[in-house]
Amino acid sequence: MRKQGPMIICTLAGLILIFSRYFQVGRDLGMLTTWDRWFMLSSGMAIGVGAINLTILHAKNVMRRTQYWQSSVILLVCMYGYMALAIHQTTGAGIPLWIFQSFMVTANSTLFSMVVFFIFSAAFRAFRIRSREAALLGLVAIITMFGVAPIGDALIPGWSGLKDWLLDVPNMAGFRGIQIGAYLGAFATAIRILLGLERAHMGGGGR
Amino acid sequence: MTQWQIIVAGLVTLGLYTYLWKDNPIYRTIEHAFVGFYTAYAVAMVYHNQVKPAVLNDLIRDGEAIVLIPLILGAMIYLRYLPQLSWVSRYPMSFWLGYGAGFVISYQIQPLIQQIRASFIPINSVNSFLIVVGILTTLMYFFFTWTVKDPVTHYGSKIGRYFIIVALGATFGNTVIFRVGLLMGRMQFLLFDLLRIGN
């Protein structure tokens with residue numbers, strides 16, 4: 001019940017999808033659509049786990065008065081305040097939309113853009129030429145950056161052509177090899193899961 | 001955006017950039033509010049797009065009792081917070097994992113075959129030769145099943161490493177450029193929209 005049940009569910013969930021897809025099993029019953037919908041609905045509900053975990057973590061911070069506990073208060077107020085408004089109204093109108101447009105979209109792109117400063121400092125350390133590999137990585141990155149930006153062609157005519165060749169030939173070959181390897185690895189893992197050989201997900205759910 | 005929205009967006013942008021000086025309460029406040037807002041946003045989206053239509057439309061209006069199965073299955077994940085019943089949360093987890101495994105086998109065969117087919121090209125130029133050699137040697141690099149001692153695979157995997165480095169270097173360059181683009185977007189917003197300078 002505690003171990004065999006979930007393993008049977010796991011194998012069945014995969015096999016039903018595979019048989020519905022390849023052999024059209026249950027097509028008249030709309031099996032594939034139903035299975036997709038069940039997955040979307042059940043997995044969507046798990047989003048609350050993230051909210052609960054955040055609440056537990058930050059409520060502990062507040063109760064124990066840890067360092068920066070005031071930030072935890074702000075997080076909890078913002079989370080539950082926005083949740084109440086967005087569930088009561090909708091995310092696409094009123095105050096939730098106002099906050100989304102002015103705060104969330106702005107903060108998202110600002111946080112992403114800030115990473116560029118840390119990437120540059122990390123790149124400076126990483127690309128100091130210690131080996132052939134580091135030199136090649138740095139060289140390709142510089143060629144790509146200058147090739148994408150207009151300054152590359154302005155400084156050296158034809159620079160973007162070099163960038164295009166790098167992207168179309170060696171980069172594509174490397175990426176295709178990586179992708180084929182990743183697909184094969186994903187298949188191997190999927191088969192191991194369906195056969196019940198991969199049981200890592202069974203470890204955290206009780207004694 | 002309205003004028004007030006522009007002011008709030010400007011303050012958020014400037015407040016977050018204060019982190020470049022050092023960690024400070026303004027940055028922490030905005031960062032924590034951001035995490036809180038986005039979590040709530042995700043929960044509300046799932047509620048409005050998944051749960052509400054399933055309960056109100058399918059279950060109550062159309063009387064489709066079968067929709068209770070995924071709803072109960074999804075709710076079972078919350079039993080992980082009750083130590084005596086936490087094992088029940090393995091059921092939804094197993095369903096998702098099994099579905100994911102089935103999805104990979106059902107839907108990812110096609111892109112794999114497309115990649116392999118695209119690799120079978122006539123070797124009639126230096127570029128096509130480099131592409132074929134690059135793919136084969138990269139695959140040799142990822143061969144971990146047993147220790148390889150033959151010289152072709154041994155040296156092939158070494159060459160493959162250079163192709164992987166080129167791919168990673170190009171990805172790094174593109175990532176930096178994308179982030180620089182975002183930074184320019186924020187600077188343009190601060191100058192043109194908030195301060196109304198130069199536009």
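How far apart do the C-alpha centres of domain 1 of chain A and domain 2 of chain A lie?

**Figure 1. Two domains of chain A in a predicted model.** Domain 1 covers 1-45 and domain 2 covers 127-195, with bounds from an automatic or database domain assignment. Their C-alpha centres lie 38 Å apart. In this predicted model, local features need pLDDT of at least 70 and side-chain atom pairs count only at pLDDT 80 or more, while totals for chains, interfaces and linings use all residues. Residues are numbered from 1 along each chain as its sequence is written, and chains are lettered from A, and ligands numbered from 1, in the order in which they are written.

**Figure 2. Helices α6 and α7 of chain B.** The axes of α6(B) (residues 126-141) and α7(B) (residues 151-194) come within 7 Å and cross at roughly 105°; axes are lines fitted to C-alpha atoms, for helices over the stretch in contact, and angles run from 0 to 180 degrees between N-to-C directions. Helices are DSSP runs (H or I, at least four residues), numbered from the N terminus.

**Figure 3. The side of chain B that touches chain A.** Here 96 residues of chain B are in contact with 97 residues of chain A (C-beta atoms, placed from the backbone, within 7 Å). Elements giving two or more residues to this side include α1 (3-17), α2 (25-61) and α3 (68-75) of chain B. The most comes from α2(B), with 23 residues.

Methods: Two residues are in contact if their C-beta atoms, placed from the backbone, lie within 7 Å.
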